[in-house]
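The sequence and the model come first.

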Amino acid sequence: MPDNSTLPSRKADHIRINLDKDVRSGLTNGLENYHFVHRALPEMDLADVDKTVKIFGKTLQAPIIISSMTGGTPEAAVINQQLATAAQAAGVAMGVGSQRAGIEHTELAYTFQVRQYAPTILLFSNLGAVQLNYSYTVDQCQRAVEMIESDALILHLNALQEALQPEGDTHFDGLLDKIEKVCRALPVPVVAKEVGWGISAEDARRLSEVGVAAIDVAGAGGTSWSQVEMYRMEEESLARVAAAFRDWGIPTAESILAVRKAAPGVAVFASGGLRDGIDIAKCIALGASLGGMASPFLKAAARSAEDVMTAVREITRELQVCMFAAGARTIEDLQRTQLTIRFDR
Ligand SMILES: Cc1cc2nc3c(=O)[nH]c(=O)nc-3n(C[C@H](O)[C@H](O)[C@H](O)COP(=O)(O)O)c2cc1C
């Protein structure tokens, strides 16, 4: 087992840096090149728009996920509680951050446990896939699911982030076979997720072959973990190495299209730089079933639970108005809606 004694302080650093610094990727998410055709005659009432969607057996009031972020510290427990309360009120999905801290320090499990605030939401567990090369097995995956009574497990793929950390877990060799074992043995669906650099066609094909139920592209264009790690570095030389990766990754729009084509049998979740309901609608029109955001919800949660609720309400309303103005009555209609492409900005 690698040394994990710095884990809680690293998590606290991550939250602080994400709140205080500009950690945006040098790339855009690519969605600015895609546009809905405006319908002056939508032939429906705004109130007819049906944003509900069913995923992994649960009905969501809107195709939105509060992306995996945190846990492991008392501050993170409060953030998770606020996010969960808002997710429950709005009927949207939520993921907690990597539960490694809760598995290796059981006294910290409470910082991830949000079911009491969100009894019916679609809730995702989270672990770093690479931990399967550092003594984790199906057992720890099962414990992560039981710890928070989640509906599915996200295995995040953060190879570049680990490579930039001096203490990073970089043994990414032979991981696919282990992901397959987890997919076969776990009684809940497994989702493979990047953390902000996107999933390529080739990786999507391999992941779908080993049985993941969904892929969250977490593409480039939003939070950049090389930027976050850059701000964490005490050594200037390591900070410069991290800074070199500011423009790295597959933009979210490009990754959705690649994954959709390469892995037609798996659901696509979209995240990475999404900032409003129109971005989510565009992702769905490009082939995703859900749109996720991390940083905007973290900033709202740092202010108050009420601000998280307001953020979710605004995004949901933007999605509804967007569907109306694009003539899409349901999420299925939205999935069939053609976007126009203009690379003019
Ligand atoms: C503070 C913070 C912590 C995060 N921790 C995790 C994590 O533990 N597991 C994970 O899969 N993704 C994690 N992410 C990545 C997000 O889920 C998301 O993929 C990424 O930030 C891109 O979304 P954004 O541009 O909306 O922030 C974290 C993001 C933030 C901002």
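The model is predicted. Its sheet is a closed barrel of eight strands, in the order β4-β5-β6-β7-β8-β9-β10-β11, with parallel pairing. On average, neighbouring strands of this sheet are turned by 25° against each other, direction ignored. Strands of a sheet pair through backbone hydrogen bonds, and the pairing is either parallel or antiparallel.

One pair can be followed in detail. Strand β8 covers residues 190–193 and strand β9 covers residues 214–216; the two pair in the parallel sense over three bridges. Within this pair, V191 stands opposite A214 in β9.

Two residues have a positive phi without being glycine. E43 has a phi of about 55°, and A218 has a phi near 35°. E43 is found in the loop between β1 (34–35) and β2 (53–55). A218 is found in the loop between β9 and α8 (225–232), and β9 is also the strand that pairs with β8.

| Residue | Phi | Relative accessibility |
|---|---|---|
| E43 | about 55° | 60% |
| A218 | near 35° | 3% |

Are these residues buried or exposed? E43 counts as exposed because its relative accessibility of 60% is over 50%. A218 counts as buried because its relative accessibility of 3% is under 20%.

Conventions: Residues numbered from 1 in each chain as written. Predicted model: local features only at pLDDT ≥ 70, side-chain atom pairs only at ≥ 80, totals over all residues. Heavy atoms only, no water. Pairing = 2+ DSSP bridges. Helix = DSSP H or I, 4+ residues; strand = E, 2+ residues; numbered from the N terminus. Axes fitted to C-alpha atoms, helices over the stretch in contact; angles between N-to-C directions. Buried < 20%, exposed > 50% of the residue type's maximum accessible area, 1.4 Å probe, protein only.
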